[in-house]
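User: I'm new to this one and would like a quick tour. Could you take me through it in questions and answers?

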Amino acid sequence: MAYTSTNIEQGKKLYITFCSPCHGATGQGDGTVTTHGFPAPPSYSKGQSSRGGAMKDLTDGKIYHTITYGLNAMGSYASQLSPEERWKVTMYVHHLQTL
C-alpha cells in the first residue's frame with residue numbers, strides 16, 4: 001500500500017477512533033483509559049517496547065502484527081479493522097513515532 005497523504009489521513013481517523021483511548025491523540029500513552037486505572041502504553045516516540053528496543057524504531061510488520069493480534073494488555077483489532085485499514089493505521093503510527 002502506498003504511503004500517500006490520503007492513506008495517512010484515513011489512518012489518522014481510524015487511529016483517533018480505535019487507538020487514541022489508550023495511546024492518546026499524539027501517541028504519548030496518555031489516553032483517557034489511563035484516568036480509569038489502566039496502565040499507560042509506552043509513548044511511540046520516547047517509550048521502550050516490551051519486546052525490546054525503542055518504540056520509535058518499530059517496523060511496519062511489528063506495528064501491523066500488534067494491531068492484528070494484540071500485545072500485553074492490548075487486544076486484537078482484527079475484527080474491528082480490515083487488513084487495509086490496519087496498514088493505514090500503521091502508516092499513521094509511523095508519523096506519531098516522530099513526535
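Predicted model: local features only at pLDDT ≥ 70, side-chain atom pairs only at ≥ 80, totals over all residues.

User: Where does Ser45 lie?
Analyst: Look at the helices on either side of it. α2 covers 20-23 and α3 covers 60-69. Ser45 sits in the loop between α2 and α3.

User: Is Ser45 buried or exposed?
Analyst: The cut-off for buried is under 20% relative accessible area. Ser45 has a relative accessible area of 12%, so the residue counts as buried.

User: Which backbone oxygen does the side chain of Ser45 reach?
Analyst: Start with the residues around it. Setting aside neighbours within four places in sequence, Ser45 is in contact with several residues, including Gln28, Lys56, Leu96 and Gln97. Its side chain also comes to 2.6 Å from a backbone oxygen, and that oxygen belongs to Leu99.

User: Which element gives the most to the largest nonpolar core?
Analyst: That core has 13 residues, and Tyr15, Tyr44, Val89 and Val93 have the most contacts inside it. The elements giving two or more residues are α1, α3 and α4 (83-96). With 4 residues, the element that gives the most is α4.

User: Which residues is Val89 in contact with, leaving aside neighbours within four places in sequence?
Analyst: Val89 is one of the residues with the most contacts inside the core. Once those sequence neighbours are left out, its contacts are Gly11, Leu14, Tyr15, Cys19, Ile67 and Leu81.

User: What do the buried residues of α3 pack against?
Analyst: In α3, the buried residues are Ile63, Tyr64, Thr66, Ile67 and Thr68. Just after this helix, Gly70 takes a positive phi of about 85°. As for the packing, the buried residues of α3 go against α4.

User: Now the whole chain: what radius of gyration does it have?
Analyst: The chain has 4 helices and 0 strands, and its C-alpha trace spans about 35 × 25 × 20 Å along the principal axes. For 99 residues, a compact globule would come out near 13 Å. The chain agrees with that, so the value to remember is 12 Å.

Key
Residues numbered from 1 in each chain as written. Heavy atoms only, no water. Buried < 20%, exposed > 50% of the residue type's maximum accessible area, 1.4 Å probe, protein only. Polar contact = N/O pair within 3.5 Å; in protein donor to acceptor, adjacent residues only side chain to side chain. Contact = heavy atoms within 4.5 Å. Core = buried A, V, L, I, M, F, W, Y, C linked by side-chain atoms within 4.5 Å. Rg over C-alpha atoms; globule rule 2.2 N^0.38 Å.
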